[in-house]
Amino acid sequence: MAGGNWLTQNKVRPGVYVNVATTDGSIGKMGERGVAALALSLPWGEAGTIVKVTAQDNFSKLLGYDLTASVLLPVREVLKRGGTLLLYRLNEGAKATITGNGLRVTARYGGERGNDLSVVIEKNIDNATRFDVTTLLAGAEVDKQTVGSAAELKANDYVVFAENSPATLALTAGMPLTGGADGAVTNANYSDFLAKLEVQDFQTVALLSDDSSLKALYTSFVKRLRETEGKKVQAVLANYAAADYEGIISVANGVILSDGTVISKTQATAWVAGATAAAAVNESLTYQAYDDAVDADVRLSHSETVETLSGGELLFTYNDGRAVVEQDINTFTGFSPNKGKPFAKNRVLRVLDAISGDLKRIFENYFIGKVPNHADGRALFWSQCVNYMNDLQGIGAIEGFDAQKDITVTPGDDTDSVLLEVAVKPVDSVEKVYMKVKVV
């Protein structure tokens with residue numbers, strides 16, 4: 001379904017086009033959050049496909065390693081907060097193989113992890129005419145089949161078997177696979193990832209690269225989705241305050257974990273993406289602790305912190321044995337009368353994005369093509385929008401909502417269109433306290 005912002009009522013596709021503005025002095029339920037996306041070069045796994053993973057999945061099967069392995073650090077950091085990760089393996093690589101003892105064995109996926117696979121062929125202890133064929137990953141059994149011949153072997157999650165002349169199986173204490181390689185990654189692989197990601201539902205996407213051209217690519221991608229497609233997503237990049245856009249979060253430094261692991265600012269984009277995706281519409285990440293972090297990798301002075309925040313960068317600060325988010329902000333600094341300072345605060349933006357997305361979803365699911373465009377039909381849509389806004393006010397995401405003044409649903413320029421106008425005052429978190437102490 002089409003969506004996005006509008007300037008004039010000239011849209012062609014059926015859809016919901018919403019403009020949301022903040023006010024300063026002057027049916028549906030809220031959508032689920034917690035989905036982050038990440039593209040990585042990995043030594044194992046299906047390439048060129050977006051795979052949904054959660055912290056409960058079997059990572060050894062999916063990615064060849066336990067989630068605690070250092071090679072999966074970005075995945076682990078996302079899932080510390082994010083509920084679901086849309087993971088895309090950028091590189092395909094070369095598959096490890098081995099031929100001998102009546103078999104040709106090929107790793108299911110390309111990559112260096114395939115070189116840690118091996119196959120053992122032993123006599124079955126109960127039937128001397130049969131064989132036990134065991135697949136090992138880094139010495140640990142991951143599959144075992146009892147067969148009479150090579151033709152009976154079935155592919156498993158790690159290797160594919162084929163007969164090799166002569167096809168008679170021969171005993172071996174181990175056939176290690178070799179030749180697996182990760183392969184190179186190009187910017188075109190990232191473009192392919194974004195093309196596939198566009199049709200997915202997600203809140204954030206992180207970029208683990210310092211390549212300025214890729215940062216520009218991700219920024220353009222997010223701008224198009226937010227402004228043309230109506231998908232209110234954010235990208236998390238390292239050191240890219242130049243974006244000056246509410247859809248881009250720039251991370252200025254990293255953290256140190258309790259085991260001494262240093263998470264660079266580029267790697268920290270993974271945690272920020274997961275935490276941002278999972279944050280509720282009435283939640284701010286300001287002064288929330290980075291999970292298991294005991295310090296910032298680079299401590300900034302007061303003046304450096306002020307300068308960094310003023311420039312639109314999210315940073316981590318040491319606080320009582322933890323690394324905390326100094327302020328939950330994005331890169332938007334080019335304030336104007338039509339788009340003010342509140343848009344720079346991610347809690348406020350989550351509220352505005354939720355309103356845009358959820359009202360669009362309510363219309364698509366319950367009204368478009370189903371309800372006549374007459375006074376009663378528009379009144380029904382209005383009432384559902386009011387219910388939704390009251391829910392937001394009930395959880396403290398907005399305040400001062402007046403159903404009679406702040407929402408109107410009127411006929412559009414065409415007979416099949418309606419004009420929805422919403423005025424909203426998001427609630428921000430308390431971040432500054434000014435005190436006067438009087439000595440008497």
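**View 1. Helix H7 is largely enclosed by the rest of the structure, because 17 of its 21 residues are buried.** Welcome to this predicted model. Helix H7 covers residues 346-366. From its first C-alpha to its last, H7 reaches 29 Å, close to the 30 Å expected at 1.5 Å a residue.

**View 2. Helix H5 is mostly covered, with 11 of its 14 residues buried.** This view takes in residues 265-278. Which residues of H5 are buried? They are Thr266, Ala268, Thr269, Ala270, Trp271, Val272, Ala273, Gly274, Ala275, Thr276 and Ala277. The end C-alpha atoms of H5 are 20 Å apart, which agrees with the 20 Å that its 14 residues should span at 1.5 Å a residue.

**View 3. Alanine 138 sits in the loop between strands E10 and E11.** Strand E10 covers 131-137, and strand E11 covers 140-147. Look here for a positive phi: that of alanine 138 is near 50 degrees, in a residue other than glycine. Most residues other than glycine have a negative phi. Is alanine 138 buried or exposed? With a relative accessible area of 54%, alanine 138 is exposed, since the cut-off for exposed is over 50%.

**View 4. Aspartate 320 lies in the loop between strands E21 and E22.** What is the phi of aspartate 320? The angle is near 55 degrees, a positive value in a residue other than glycine. Aspartate 320 counts as exposed, at 69% relative accessibility.

Notes
Residues numbered from 1 in each chain as written. Predicted model: local features only at pLDDT ≥ 70, side-chain atom pairs only at ≥ 80, totals over all residues. Heavy atoms only, no water. Helix = DSSP H or I, 4+ residues; strand = E, 2+ residues; numbered from the N terminus. Expected span 1.5 Å × (residues − 1). Buried < 20%, exposed > 50% of the residue type's maximum accessible area, 1.4 Å probe, protein only.
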